[in-house]
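Subject: Handover of a structural model

Dear colleague,

Please find below the structure that I am handing over to you. My notes on selected strands and helices follow it.

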Amino acid sequence: MNLEKKIEQLKQIKSDLFQKDFLLTWEKSDADLKAILEIADILKEMRGQNISPRVFDTGLAISNFRDNSTRTRFSFASASNLLGLAVQDLDEQKSQIAHGETVRETANMISFLSDFIGIRDDMYLGEGNKYMREVGEALDEGAAKGVLPHRPGIVNLQCDMDHPTQSMADLLHLQKEFGSLENLKGKKIVMSWAYSPSYGKPLSVPQGIIGLMSRFGMDIELAHPEGYELIPEIVEMAGKNAKASGGSFNVSHNMSEAMKDADIVYPKSWAPYHIMEERTKLLKNKDTNGLKDLEQTCLANNAKHKDWEYDEAKMKLTKNQDALYMHCLPADISGVSCKEGEVNADVFEKYRIKTYHEAGFKPYIIAAMMFSNKFDNPAAVLKQILDSNRKRVLL
Amino acid sequence: MNLEKKIEQLKQIKSDLFQKDFLLTWEKSDADLKAILEIADILKEMRGQNISPRVFDTGLAISNFRDNSTRTRFSFASASNLLGLAVQDLDEQKSQIAHGETVRETANMISFLSDFIGIRDDMYLGEGNKYMREVGEALDEGAAKGVLPHRPGIVNLQCDMDHPTQSMADLLHLQKEFGSLENLKGKKIVMSWAYSPSYGKPLSVPQGIIGLMSRFGMDIELAHPEGYELIPEIVEMAGKNAKASGGSFNVSHNMSEAMKDADIVYPKSWAPYHIMEERTKLLKNKDTNGLKDLEQTCLANNAKHKDWEYDEAKMKLTKNQDALYMHCLPADISGVSCKEGEVNADVFEKYRIKTYHEAGFKPYIIAAMMFSNKFDNPAAVLKQILDSNRKRVLL
Amino acid sequence: MNLEKKIEQLKQIKSDLFQKDFLLTWEKSDADLKAILEIADILKEMRGQNISPRVFDTGLAISNFRDNSTRTRFSFASASNLLGLAVQDLDEQKSQIAHGETVRETANMISFLSDFIGIRDDMYLGEGNKYMREVGEALDEGAAKGVLPHRPGIVNLQCDMDHPTQSMADLLHLQKEFGSLENLKGKKIVMSWAYSPSYGKPLSVPQGIIGLMSRFGMDIELAHPEGYELIPEIVEMAGKNAKASGGSFNVSHNMSEAMKDADIVYPKSWAPYHIMEERTKLLKNKDTNGLKDLEQTCLANNAKHKDWEYDEAKMKLTKNQDALYMHCLPADISGVSCKEGEVNADVFEKYRIKTYHEAGFKPYIIAAMMFSNKFDNPAAVLKQILDSNRKRVLL
């Protein structure tokens, strides 16, 4: 059987995900990433066959969104529910934690009966990932001291550095589109800045993409106007990754040039690194006027690069005039969701359904991160589920 | 056994509800409506006997309330939970969907692992029901293109035209009160406007009532002050329904006259159709001053009709001085929840508990809508549940 | 087996909790309290052993937080989930209940398929507990009249008088720390006011502590600056309790003096009773200026008592210089969460993990309150769970 075979394949992968948080893809081995992809694929297949991979009879999954979210919120809720967990949202507005309580205390208070905490914290450069680690250390202490019956796992639902549930969903999408991870070797992927009428979009998606995709032998092109840099350490790491995996890494500043012969394109706006640093300072100082000024300067700068739209002319420069278009959604679509934006409406429409498929992997990626954190031998548990043949819907 | 008999009866009804949204009662056949009533009744009975009709091991039910709600929110949560689904609220304030994203995208993004979407959208005339259909089309596309593993069903939790979960709960209440749908034939029901100190109450309840109750051979009296019209097409349809079902339909403008010999009365405030049209325009234009002016004009108009209170004198005009009083709640009760309102306090008190019973059918009506959407042969699934004898509470 | 023995012990306790709300510890018999402690302990042990005490296949637990909450909100969610209930929050901002609807109506509307309602209402003196009883009477009527299939239980999640889920968790903590309730006899516990830079903290914790701890033969010392009285009737009752149980009760006004030879200390800020009365009047009148003036007066008064910090010098006066420090959290820790506060940072750090353990009992206390409300013979049901050996996590 298909599912049995997939579980057999998973068994061969020597991953080290048990009881480990998933905070950055670049902290994980290739085997770890492959295991996540396999488990996600198996869980998706099971649900499609009306097999319920519910492994928790009860339990809570805490969501802590420090920024707005629809897609990731629903993906997290879906993943938690699929495995049998109830989502409890930590709404910092409705709670007492703004009253000067320390992170380590709150982390324990919400975790007495929790199995996972999903955190989105992407507003402050240098803060989001750090915050997740602080929570993790608090949970370590709580578990070590017997406050918590077990150490809840943390899933990074987007931070200032990485957006691993997004980039891993993107990778699973590529695996499906190109047939295998092997087939990605030698493919050219362009992570390109694109014009947007809004400002302050996080860096985590482009960083997550170059940080992850550089590990599979692809030729990575990072394209953006001068001054729109990402965090330098991550760009450097991506370059090293690319070399090590037999691919290449190049930074360039002309969108059309970059698109030439691309197999995959990911045109998406972001705010420049140095602006995000400045913005973080202003946010911390609650300098409202400063923030307004910065926004104006930024928008004016952005406006100089309206030609960074992924349009038909640029698409025609790609491999077979048909590079796979990717986006984390929602895209700023010219004439649809804004006057001028990241992508031409016709071009977007051509790949629209594919971007939905891309997004559809996220719930399963999150579920796979949880699954592999919870079970030392995920293949064995999946086999047990398969054999029990528990139905998701009574039929 | 009682439940077995009911399931046998259900088997005889040739309904066509499988994989169909429930958006308007007047799009459904009589058999469809009867099937919903039977299933709701069976589910209520099962729960009463501590049998758990849980058919989903996991799954999400999305609620999208574009207006405030308590009763319907809890009814939807109760129905979802009864069948085994977890509710995930789409809070448009906490999400990114205000950022210019199209409906069709969001509809898919929230539906990867969802079984139902319940929508309340009653603020804008001409919009609510349309929005639900837009969502439905997006889900059709998502399912057809393999983005979604199955097409989630949509339940209309109140729109600008109809409030089918309310009117169907009301109908089940009438069935119980009068013994059968057959017994409703020849009964006189008065859907009457009533005075309220607030303005802008939706038209969906009176429209839903005349649209549905006109199909069972009743004599419908729609009473309101001149100028307080409902959507003309729905009034016209109700008239045709009444004739076709062997009943009658009459519009009148004197509350006391209307109440004479009534078997059932439903005195409830609403805003005039043409005012709602104007309000919709102003809301779309965000014309705050215009809205304030309209409210003032409206309240002044309403104040001319304070005699449209359902009081003891009017009650005495009804059949045996004891027509069944109905209300979707909360009612504007004179001297209780407002100075002067829709109903006299003593009269309301007389029927208060009955209005609670009326409201108590809503969760089961919603559950029945979900159940019949999900299963091609609901009777067979209900029989399976009965035979499995799964307990709701361990005892 | 350990769990079997505990269940045997529970069987011996003649409690009367079945279908009774838990509103005030002083309405409960000693046997009732002991039964709650035992059940909580058993549920915690079961979960630790991966046994799922899920007794509801479906069902709702309503939370109604009329004030902010993190700890109690998560404890209620955890308890509900552990037993198999889904939490549905009654958010009074998102609902229609502000529109003049009566309590009795809303109570029924949300309860058609609900098993429990947890209420926090601690803002208005003389109101919170009263409100819970109003809800309870409405539910009594709903159940008696067949509106509700069964009477949902009410759990007091903090009111103006008591905070029973907190004080009972504290008591279970003491039972664990000292080995048994018997061992608490003759121990000195100091419930002391402490300085805080905030104002208006509820009285429910200190009142709950003296009201409950006075029943186990302890020597209770209630210490506060003059003018910082609690509700007189509760203080009086605590005095009588202490005498009846073979302990003692003393009120004093010097923090250092009070701490001498203490076995247990509970230093925690609260607002004076008469201030809370005044504040309640101002809140009811929506007198914003009056509230601001009162806050200023209060903060100025508080500032005269900055020496009411639990510091090392005071700790050294306690039994073996090491009295068990307790707090409901979050504490105002000097130099950590505020400049000057309730407790010195080093002292807090010494007992920090113990306060986490203390807090960790709350979810199980709430679950035990629900469990004993739902089942006439909790021991038998727990035995059934133990025998069924249903796993919480598939392993």
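A residue is called buried here if 20 or more other C-beta atoms lie within 10 Å of its own. Please note that this is a predicted model.

**Helix α14 of chain C**

By that criterion, 13 of the 13 residues of α14(C) are buried, so this helix is largely enclosed by the rest of the structure. Helix α14(C) covers residues 362-374. From its first C-alpha to its last it reaches 18 Å, close to the 18 Å expected at 1.5 Å a residue.

**The sheet of chain A**

In chain A, four strands form an open sheet with parallel pairing, in the order β2-β1-β3-β4. Its edge strands are β2 (86-89) and β4 (153-159), each of which pairs on one side only. On average, neighbouring strands of this sheet are turned by 20 degrees against each other, direction ignored. Strands of a sheet pair through backbone hydrogen bonds, either parallel or antiparallel. Between strand β1(A), residues 60-65, and β2(A) there are four bridges, and the pairing is in the parallel sense. Within this part of the chain, A:S63 has A:D89 of β2(A) as its bridge partner. Helix α5 of chain A (residues 128-144) lies across β3 (114-121) and β4 of chain A, and runs at about 170 degrees to β4(A).

**Strands β3 and β4 of chain B**

In chain B, strand β3 (residues 114-121) runs parallel to β4(B), and five bridges join the two. The bridge partner of B:I119 in β4(B) is B:N156. To pass from β3(B) to β4(B), the chain goes through helix α5 of chain B (residues 128-144), and this β-α-β crossover is right-handed. How many of the seven residues of strand β4(B) are buried? Seven of the seven residues of this strand (residues 153-159) are buried, so β4(B) is largely enclosed by the rest of the structure.

**Residue B:L174**

Finally, B:L174 is located in helix α6 of chain B, which covers residues 164-178. Because B:L174 has 24 C-beta neighbours inside 10 Å, this residue counts as buried. Which residues are in contact with B:L174, once its neighbours within four places in sequence are left aside? They are B:L184 and B:I264.

Yours sincerely,

A colleague

How values were computed
Residues are numbered from 1 along each chain as its sequence is written. Chains are lettered from A and ligands numbered from 1 in the order in which they are written. This is a predicted model: local features need pLDDT of at least 70, side-chain atom pairs count only at pLDDT 80 or more; totals for chains, interfaces and linings use all residues. A residue is buried if 20 or more other C-beta atoms lie within 10 Å of its own, exposed if 12 or fewer, and partly exposed in between; C-beta atoms are placed from the backbone. Two strands pair if DSSP finds at least two bridges between them. A crossover is right-handed if, with the strands pointing away from the viewer, the path from the first strand over the helix to the second runs clockwise. Axes are lines fitted to C-alpha atoms, for helices over the stretch in contact, and angles run from 0 to 180 degrees between N-to-C directions. Two residues are in contact if their C-beta atoms, placed from the backbone, lie within 7 Å. The expected span of a helix is 1.5 Å times one less than its number of residues.
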